[in-house]
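Here is a short tour of the model, written for someone who likes to know the cut-offs behind each term. Please keep the 3D view open as you read.

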Amino acid sequence: MSPYILATLLFGLGLGTTITFASSHWLLAWMGLEINTLAIIPLMAQHHHPRAIEATTKYFLTQATAAATLLFASISNAWLTGQWDIQQMAHPIPLTMITLALMLKIGLAPFHAWLPEVLQGLDLTTGLILSTWQKLAPFALLLQVTKTDQTMLIILALTSIIVGGWGGLNQTQLRKILAYSSIAHLGWMMLIIQFSPSLTFLTLIIYFIMTFSAFLTFKINNATTLNTLATSWAKTPIITTTMPLILLSLGGLPPLTGFMPKWLILQELTKQALPLTATLAALTALLNLYFYLRLSYAMTLTMSPNTLTGLTPWRLNSTQLALPISASTTMAILLLPLTPAMTALLTL
């Protein structure tokens with residue numbers, strides 16, 4: 001792809017997200033979401049592979065459905081209440097429709113089925129953009145729509161955590177595992193969005209850091225399957241040593257960074273007198289931890305020669321920059337001691 005076209009598309013991605021961030025009117029927010037979607041479509045289809053085209057088509061149809069639902073709900077709200085302000089949603093029916101449309105956009109259960117299939121058809125760089133940047137604009141709107149039915153949100157959030165854990169159990173494709181991981185983490189964020197939006201935002205940022213580190217590590221190893229990952233020790237032994245820590249951090253195991261949001265969310269749920277919800281969320285997080293442990297086992301405790309069918313990669317020097325992967329890996333592993341500072345910032 002021409003660097004000029006690539007720069008234009010990346011500018012479109014940033015512009016769409018910024019418009020949605022800055023908008024207080026539903027039409028302007030919808031326009032920002034559409035610019036965002038249209039900018040990533042050529043990036044997804046740039047390799048002209050049938051699987052990439054299929055993933056792009058699925059993504060486009062899903063996002064178009066969500067955008068149409070969002071537009072219909074905002075027009076219905078304007079018809080019923082006479083105003084377009086995002087933070088003044090008064091009628092429950094348009095409010096519920098908008099919440100469900102935004103959940104479809106980011107891939108929350110039960111509207112999650114498109115996410116693993118789309119992510120599996122993309123290269124790792126575009127998959128990273130889809131897993132991180134593309135969730136910012138819908139989340140900015142979800143954080144502003146705060147009067148949604150609390151019971152519905154908790155049920156959908158617990159469903160997402162369960163589906164995200166259950167779906168990744170038998171997977172050998174790394175991109176699908178990261179997709180189910182995304183669904184589970186989004187469930188944790190939606191669980192607490194009614195009670196502490198700032199904690200939801202903190203969870204989103206930490207999820208972005210851990211996912212960024214995981215995708216860069218897979219990219220430097222050129223790994224898309226469990227078999228390739230298991231032989232990566234011969235190519236990059238130091239990175240292969242840190243990768244299980246990143247995965248266990250994604251699973252929320254102490255004393256790693258990923259434990260911080262789960263710890264704070266469970267604490268907040270307990271303060272809100274929801275002990276059963278907190279218990280269910282903590283138990284279903286074990287499903288995620290299981291498949292992260294399976295990945296860690298395949299990487300570190302299987303020695304060559306073994307029964308894996310993956311070919312040992314060539315030991316060529318990578319052209320990838322070292323600073324992003326080193327910085328994100330450090331943050332994905334070592335931020336837990338900063339929890340008191342994070343909680344102090346949340347209370348400001």
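Predicted model: local features only at pLDDT ≥ 70, side-chain atom pairs only at ≥ 80, totals over all residues.

Residues are numbered from 1 along each chain as its sequence is written, and side-chain values use heavy atoms, with hydrogens and water left out.

How many residue pairs are in polar contact between domain 1 and domain 2? The count is zero, with both residues required to be at pLDDT 80 or more. On the side of domain 1 that touches domain 2, there are three nonpolar residues, two polar ones and no charged ones (Ala, Val, Leu, Ile, Met, Phe, Trp, Tyr, Cys and Pro count as nonpolar, Asp, Glu, Lys and Arg as charged, and the others, Gly among them, as polar). Salt bridges between the two domains also number zero; the term stands for a side-chain nitrogen of Lys or Arg within 4 Å of a carboxyl oxygen of Asp or Glu.

Domain 1 covers 1-106, and domain 2 is made of 152-306 + 321-347, with bounds that come from an automatic or database domain assignment. Their centres, taken over C-alpha atoms, are 26 Å apart. Five residues of domain 1 are in contact with five of domain 2 (heavy atoms within 4.5 Å). About 410 Å² is buried between the domains, and carbon and sulfur atoms give 92% of that area; buried area is the accessible area (1.4 Å probe) that two parts lose on being put together, summed over both.

## Annotated spans

The unreviewed UniProt entry lists several residue ranges as "transmembrane region", including 92-115 and 273-293; such annotations may be inferred rather than shown by experiment. Residues 92-115 are 71% helix and 0% strand, with end C-alpha atoms 28 Å apart. For residues 273-293 the figures are 90% helix, 0% strand and 32 Å. Helices (H or I, at least four residues) and strands (E, at least two) are DSSP runs, numbered from the N terminus.

## A salt bridge inside a helix

The structure holds five salt bridges. One of them pairs the side chains of Arg 51 and Glu 54, at 3.9 Å from N to O. Both residues sit in helix α3 (residues 50-81), three residues apart, about one turn of the helix.

## Backbone details in the loops

Most residues other than glycine have a negative phi, and most peptide bonds are trans. His 48, in the loop between α2 (26-44) and α3, has a positive phi near 55°.

Methods:
Polar contact = N/O pair within 3.5 Å; in protein donor to acceptor, adjacent residues only side chain to side chain.
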